[in-house]
Amino acid sequence: MSTCEELVQTKEYAYIWLQRLLGIGSATAFEVLRQPTSPQRLCRMTRAELKQTGLFAERELARLDRIDPESIAQTVRYCRAHEIRIITPEDAEYPDRFREIESPPVVLYARGLPLEQNAPAIAIVGTRKSSEFGDRAAYSLSARLAASGFTVVSGGALGIDRMAHIGAMNAGGNTVVILGCGIDSGYLRAQEPMRKRAERQGTVLSEMEPKTPAARYTFPVRNRLISALSGGVAVIEAGHKSGALITATYAMEQGREIFAVPGNIDLPQYAGTNELIRDGAVPLLSAQDIVEVYIGRFPDKLKADASLSPAVKQGYAAARLEPKPSAPKKASPRAGAKPKKKNEKTAAAAEETAVIKPDETPEKLLLCSAPAKRIYEAFAEQTELSDVLSARSGIS
């Protein structure tokens, strides 16, 4: 087994160290990764030397005291022992599309097939609480896009995400699951069979260290990667406050096309998708609407006349009715014991609404105006888009 001293010399150690210093989704990463000074050199600098570079804010330098070298070494060892690839910006597999966004991931963790650079890819996202209509639309659309040559990208959640991944795999296509938790996290155990299949037929990806639990801020920050890896985003069945709309917002900022399946204007689960169409998204009536946009860009990779076999079409019913593993029974709480603050149910609810609250309010904020407080409360740990802050705070 490699010692901590040996692992400190590796690029994997250096990039994990840098990610812990900056935090997930940091906009500072874009500037740091463009510098000639490598992370391997940065991680050997003193605090004073790091401050002199002018690259890091005080809140980032304050994290230095909490970075444990042995803990990073354990992460590297775990990945090596459990067939998890650590992908850094120095590696050929690191997606070029991630280099273009303002908050690129500093390090990625992956299982499954190697990521194909600049492949034709479409993200399919939507509500976790999908209807039969939404499930059918996600499965059919994904299967037809995969048969046409697209990689289907989504977030591995229940509902629309799940049906999109299964549709692509049933059609024999490629799919990328981008998680809002660590690859070996226990979050949403019901999805484990689908994820294991995706590791064989596609790629499971996360920028969070293995076993990192899902939290309120991890889903919105994950969504920027779903849109960034894709050439466009298709939204199916999303309510007014659905987390899928944050993915669409990131897509707009990143210059991606946005497609939306129209729905009944009287039903709340279609409020988000209908609003996207009102604001300029392309109404999505069939997979051909997407194929026609991209086939000119990828003439050697996409097919205009792809069809589905009867077996793939019939696979929808099995995918929707596939039994979900029951969660292990929990021991009854002791009398007077305090309930746990975080569990799978609350994390799943956070993924659906993507509403973020800070853990604490600095004393200086008490002197600010009421609107300033609302803006602050709309922030997570990373830089946010102005449209996202506006939506969360209710301030135009």
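Tutor: Rings of Phe, Tyr and Trp pair if their centres lie within 6.5 Å, the six-membered ring being used for Trp. In this predicted model, Phe150, Phe259 and Tyr294 form one aromatic cluster.

Student: How many aromatic pairs does that rule give?

Tutor: The count comes to six. One of the pairs is Phe133 with Tyr270, at 5.9 Å centre to centre and 80° between the planes. Planes over 60 degrees apart count as edge-to-face, so this pair is edge-to-face.

Student: Where in the chain do Phe133 and Tyr270 lie?

Tutor: Phe133 is in helix 9 (residues 132-148), while Tyr270 is in the loop between strand 8 (257-260) and helix 14 (271-278). The two are 137 residues apart. Phe133 is partly exposed, at 41% relative accessible area, whereas Tyr270 is buried, at 6%.

Student: Which residue pairs with Tyr139, and with what geometry?

Tutor: Tyr316 does, edge-to-face, at 5.7 Å centre to centre with 65° between the planes. Tyr139 lies in helix 9 and Tyr316 in helix 16 (residues 310-321), so the pair ties together parts 177 residues apart in sequence. Both Tyr139 and Tyr316 are buried.

Student: How should I read the nonpolar cores?

Tutor: In soluble globular proteins, nonpolar side chains tend to be buried together. Here the largest nonpolar core has 75 residues, and Ile124 is among those with the most contacts inside it, as are Trp17 and Phe56. Beyond its neighbours within four places in sequence, Ile124 is in contact with residues including Leu141, Leu145, Val152 and Ile236. A second, separate core has 29 residues, among them Ala121 and Leu225.

Student: What share of the residues is buried?

Tutor: Buried residues make up 53% of the 396 in the protein.

Definitions and conventions. Residues are numbered from 1 along each chain as its sequence is written. This is a predicted model: local features need pLDDT of at least 70, side-chain atom pairs count only at pLDDT 80 or more; totals for chains, interfaces and linings use all residues. Side-chain values use heavy atoms; hydrogens and water are left out. Buried means under 20% relative accessible area, exposed over 50%, partly exposed in between (1.4 Å probe, protein chains only). A nonpolar core is a set of buried Ala, Val, Leu, Ile, Met, Phe, Trp, Tyr and Cys residues joined through side-chain atoms within 4.5 Å. Contact means heavy atoms within 4.5 Å. Rings of Phe, Tyr and Trp (its six-membered ring) pair if their centres lie within 6.5 Å; planes under 30 degrees apart count as stacked, over 60 as edge-to-face and the rest as tilted. Helices (H or I, at least four residues) and strands (E, at least two) are DSSP runs, numbered from the N terminus.
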